[in-house]
Amino acid sequence: MSQFDKLIQKILDEKDITYQDAEKVLLYLGYIARTPKGGSSHITFTKSPNQIITLVRTQKPLKKYLVRLIKEAIIYDKQG
């Protein structure tokens, strides 16, 4: 099992992950990262108009509801 597969499994098990881990997975799934002007720590990942996930770069670990959103994105990607 590769490191990336272990990371995906960690998210599916809803364990604590870092912003960097979440960014790797979302970019792999085809999301595009957007940083708002003004130096905000909030990064918005979009794939389509109804698939938007906003992460806070400085949170360690990410909050559970954000991990669940990423988990849903992984499951949705596997189905489609």
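**Chat about the sheet, the helices and a cis proline**

Colleague: Let's start with β2 and β3. Over how many bridges do they pair, and in which sense?

Modeller: Six bridges, and the pairing of β2 with β3 is antiparallel. This is a predicted model, by the way. The two strands form a hairpin, with two residues between them.

Colleague: And on the β1 side, how many bridges does β2 have there?

Modeller: Three bridges between β1 and β2, again in the antiparallel sense. One of the pairs is Arg34 with its bridge partner Thr44 in β2. Another residue to look at is Ile32, which stands opposite Thr46 in β2.

Colleague: What order do the strands take in the sheet?

Modeller: The order is β1-β2-β3, an open sheet of three strands with antiparallel pairing. The edges are β1, residues 32-34, and β3, residues 51-56, and each of them pairs on one side only. On average, neighbouring strands in this sheet are turned by 25° against each other, ignoring direction.

Colleague: Which helix packs on that sheet?

Modeller: Helix α3, residues 64-79, which touches β2 and β3. Its direction makes about 145° with the direction of β3.

Colleague: Is Thr46 buried or exposed?

Modeller: Buried, because its relative accessibility is 16% and the cut-off for buried is under 20%. If you leave out residues up to four places away in sequence, Thr46 touches Gly30, Tyr31, Ile32, Arg34, Gln51 and Ile52.

Colleague: OK, helices. At what angle do α1 and α3 pack?

Modeller: About 120°, with the axes 9 Å apart; α1 is residues 3-12. The crossing of α1 past α3 is left-handed.

Colleague: Which residues make that contact?

Modeller: From α1, you have Ile8, Ile11 and Leu12. From α3, the residues are Val67, Ile70, Lys71, Ile74, Ile75 and Lys78. By class, that makes seven nonpolar residues, two charged and no polar ones.

Colleague: We've skipped α2. Where does Tyr19 sit, and is it buried or exposed?

Modeller: Tyr19 is in helix α2, residues 19-28. It's buried, at a relative accessible area of 5%. Setting aside neighbours within four places in sequence, its contacts are Ile43, Phe45, Leu55, Val56, Arg57 and Leu62.

Colleague: How far apart are Tyr19 and Leu62, in sequence and in space?

Modeller: They're 43 residues apart in sequence, and 6.5 Å apart in space, C-alpha to C-alpha. For the chain as a whole, take contacts between residues at least 6 apart in sequence: 40% of those join residues at least 24 apart.

Colleague: Switching to the backbone. Which peptide bond is cis?

Modeller: The one from Lys60 to Pro61, with omega near -15°. Pro61 is in the loop that runs between β3 and α3.

Colleague: Let's zoom out. How many helices and strands does the chain have, and how do they run from the N terminus?

Modeller: Three helices and three strands. Starting at the N terminus, the elements run α-α-β-β-β-α.

Colleague: How does the radius of gyration sit with a compact globule?

Modeller: It agrees: for 80 residues a compact globule would be near 12 Å, and the chain has 12 Å. The C-alpha trace spans about 40 × 30 × 20 Å along its principal axes.

Colleague: Last one: what share of the residues is buried?

Modeller: Buried residues make up 32% of the 80 in the chain. Thr46 and Tyr19 are among them.

Terms used:
Residues are numbered from 1 along each chain as its sequence is written. This is a predicted model: local features need pLDDT of at least 70, side-chain atom pairs count only at pLDDT 80 or more; totals for chains, interfaces and linings use all residues. Side-chain values use heavy atoms; hydrogens and water are left out. Buried means under 20% relative accessible area, exposed over 50%, partly exposed in between (1.4 Å probe, protein chains only). Contact means heavy atoms within 4.5 Å. Two strands pair if DSSP finds at least two bridges between them. Helices (H or I, at least four residues) and strands (E, at least two) are DSSP runs, numbered from the N terminus. Axes are lines fitted to C-alpha atoms, for helices over the stretch in contact, and angles run from 0 to 180 degrees between N-to-C directions. A crossing is left-handed if the near helix is turned anticlockwise from the far one by less than a right angle, and right-handed if clockwise. Ala, Val, Leu, Ile, Met, Phe, Trp, Tyr, Cys and Pro count as nonpolar, Asp, Glu, Lys and Arg as charged, and the others, Gly among them, as polar. The radius of gyration is taken over C-alpha atoms; the globule rule is 2.2 Å times the number of residues to the power 0.38.
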